[in-house]
Amino acid sequence: MMRKKPLNIWLLIMVAVSIIWLNSPLAAGAKNSTPERNQLKIYISVDMEGIWGVVHTNQCLPDSPEYQVARKWMTEDVNAVVQGLFEAGATEVVVNDSHGSMRNIIASDLDPRAELLSGSPKPLSMMEGIDSTFQGCIFVGYHSRAGSAPAILDHTISGAAIYSIKVNGLEMPELGLNAAIAGCYGVPVIMLTGDTTTCWQAKEILGQNLVVVPVKEAVNRFAALNFARNKVLIDLKEGAKKALNLLPSFKPFVFQPPFTFELDFHNSNQAEAGTLIPGVKRISPRTLTFTTGDYLEGFKLARALIALASIS
Ligand SMILES: [Zn+2]
């Protein structure tokens with residue numbers, strides 16, 4: 001009897017240890033590493049100026065007769081990327097329509113495995129819906145920052161109001177501003193598509209290992225050599241597969257706090273109303289600046305200043 005009792009105690013201890021282990025985060029991590037439990041969520045933000053075939057503003061404006069075919073190309077570019085992602089093991093893809101009205105992608109023509117965030121306004125705009133449950137972020141159809149050449153329809157958020165936007169002294173295209181939003185959630189940008197200049201700009205900012213798929217080469221702001229359509233669609237699909245396979249090698253893009261935003265407008269009138277907002281300083285007739293400890297707050301304030309400039 002005396003020999004059995006210690007054995008029972010050891011048995012109880014082993015059962016208790018097993019229960020504690022099975023409920024521990026470490027065990028949960030081990031469970032998540034099995035393929036059945038793996039969730040691979042990818043976020044895609046889609047702009048229009050960097051879509052294959054698009055070379056002029058008229059193709060990006062809903063009232064223009066040229067728009068309907070351009071939105072079809074936009075949907076096709078996204079579908080090629082989505083297809084590559086699912087072939088490479090993605091389990092969930094969220095597509096955020098990020099141009100103008102944000103109602104450009106033809107919902108019924110989008111790959112039915114993907115979810116579509118459509119319409120505006122959205123608090124995080126081109127990055128609405130991003131969160132820490134995503135493992136990677138892809139920019140499709142993106143364009144270069146204002147003042148780039150040769151680059152199709154280069155601008156930064158608002159072609160009518162913004163001359164340049166700097167964060168901590170670095171001039172940023174939309175791809176950098178948006179990559180830093182993904183960075184706030186620990187999500188790296190893994191791939192970008194657009195014209196050759198935008199692809200180059202993206203690698204400069206986000207790192208040389210970024211997967212880029214150029215779909216056209218700009219001659220100037222309103223003309224480009226569009227690469228062969230069949231090849232582009234294959235490149236987009238294969239690029240997405242490659243990006244997913246390289247996933248562990250990408251790092252989130254982050255600025256170090258505090259975050260100082262500097263917005264240069266085209267004229268002094270556009271900067272005027274922004275001076276009414278507490279914390280915003282005017283450092284030249286057409287330049288506003290502010291500093292914040294919260295990047296997302298800074299991004300939203302920058303957008304508010306641009307919105308004010310646009311109605312001035
Ligand atoms: Zn756009």
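Colleague: Which residues coordinate the zinc ion?

Modeller: Donors are N, O and S atoms within 2.8 Å of the metal (3.2 Å for Na, K and Ca), and water is not among the atoms, so sites may look incomplete. Here Asp-47 (OD), Glu-49 (OE), Glu-49 (OE) and His-99 (ND1) coordinate the zinc ion at 2.0 to 2.6 Å. Keep in mind that this is a predicted model, where local features need pLDDT of at least 70, side-chain atom pairs count only at pLDDT 80 or more, and totals for chains, interfaces and linings use all residues. Residues are numbered from 1 along each chain as its sequence is written, and side-chain values use heavy atoms, with hydrogens and water left out.

Colleague: Are Asp-47 and Glu-49 buried or exposed?

Modeller: Buried means under 20% relative accessible area, exposed over 50%, partly exposed in between (1.4 Å probe, protein chains only). Both Asp-47 and Glu-49 are buried.

Colleague: How many aromatic pairs does a search of the whole structure find?

Modeller: A pair of aromatic rings is described by the distance of the centres and the angle of the planes. Rings of Phe, Tyr and Trp (its six-membered ring) pair if their centres lie within 6.5 Å; planes under 30 degrees apart count as stacked, over 60 as edge-to-face and the rest as tilted. The search finds eight aromatic pairs. One of them, Tyr-43 with Phe-134, is edge-to-face, at 5.5 Å centre to centre and 75° between the planes.

Colleague: What lies over the face of Phe-134?

Modeller: A charge sits over a ring if NZ of Lys or CZ of Arg is within 6 Å of the ring centre and within 35 degrees of the ring normal. Lys-41 lies over Phe-134, at 4.4 Å from the ring centre. Phe-134 has 5% relative accessibility, so this residue counts as buried.
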